[in-house]
Amino acid sequence: MAHRHPRTPPVRRRPRRPPGDPPLNATAPADPPGFELPLRLLLGFRVLIDDLHAELARQGHPDLRPMHGFVLQAIGRGPTTAADLGRMLGISKQAAGKTIEALRTLGYVERGHDPGDARRKVVRLTPRAIDGLTRSERIFDELRARWAAVIGAERLRALESDLRALTPGDLFRLDVPGWFGDRH
């Protein structure tokens, strides 16, 4: 039996439905309650992120957490400071600094000085972080293919098209962690 990191959940091969949910080919109610839509969207996000992190753990990144993905994406846009990172993520400078320190300890970021201003301390991605982000891209492609296998490629493309029509154009709006907090 292979050894697993104690916090690593098993990888699921396809999105799961709770017991009692209708089969995929069942007819949904004509007008489900309005609160169900955001919950289903959030559950879909959660399934994808949980499956991503389980696979990342298997591929050598067991300590990466969902919040880390937002932080690494923000830093990946170019060297940044804790204050800038906090603004991008909608969190305090102190919370950003704490996350940066955790990622530094794990080997995902490094601190340095801005070449244009030696007083300014910046954070950069390490090769380990770039590896994690590259693996995440591939895993997300695999997860998307799994969903297409379950509901059909056409339906998945239609869902994605509909979501593009209903959501802002900035795909990398990184303030989600702060938005989930109590600042709004």
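Hi everyone, let's start with the inside of this protein: buried residues make up 29% of its 184 residues. Buried here means under 20% relative accessible area, exposed means over 50%, and partly exposed is in between, using a 1.4 Å probe and protein chains only. Please keep in mind that this is a predicted model, where local features need pLDDT of at least 70, side-chain atom pairs count only at pLDDT 80 or more, and totals for chains, interfaces and linings use all residues. Residues are numbered from 1 along each chain as its sequence is written, and side-chain values use heavy atoms, with hydrogens and water left out.

Now the overall layout. The protein has 7 helices and 2 strands, and from the N terminus on the order is α-α-α-α-β-β-α-α-α. Those elements are DSSP runs numbered from the N terminus: helices are H or I with at least four residues, strands are E with at least two.

Let's zoom in on helix H3, residues 82-89. Which of its residues are buried? They are Ala82, Leu85, Gly86 and Leu89. These four cover an arc of only 100° around the axis, so they sit on the same side of H3; the arc is taken from the directions from the helix axis to the C-beta atoms. Just after H3 comes Gly90, with a positive phi of about 75°.

The axes of H3 and H4 come within 8 Å and cross at roughly 110°. Axes are lines fitted to C-alpha atoms, for helices over the stretch in contact, and angles run from 0 to 180 degrees between N-to-C directions. H3 and H4 are therefore roughly perpendicular to each other, since that label covers 65 to 115 degrees, while under 35 is roughly parallel, over 145 roughly antiparallel and the rest oblique.

Who meets whom there? From H3 we have Ala82, Ala83, Leu85 and Gly86, and from H4 we have Lys93, Ala96, Gly97 and Ile100. By type, the residues of this contact are 5 nonpolar, 2 polar and 1 charged. Nonpolar covers Ala, Val, Leu, Ile, Met, Phe, Trp, Tyr, Cys and Pro; charged covers Asp, Glu, Lys and Arg; the others, Gly among them, are polar.

Let's stay on H4 and look at some residues in it. Lys93 belongs to this helix and counts as exposed, at 52% relative accessibility. Leaving aside neighbours within four places in sequence, Lys93 contacts Ala82 and Ala83. Is Thr99 buried or exposed? Thr99 is buried, with a relative accessible area of 15%, and it touches His68 and Val71, not counting residues up to four places away. Ala102, also in H4, is partly exposed at 35%.

One last stop: helix H5, residues 127-151, and helix H6, residues 153-166, pack at about 115° with their axes 6 Å apart. Arg144, Trp147, Ala148 and Ile151 in H5 meet Ala153, Arg155, Leu156, Arg157 and Glu160 in H6. That contact has 5 nonpolar residues, no polar ones and 4 charged.

Note on methods: Contact means heavy atoms within 4.5 Å.
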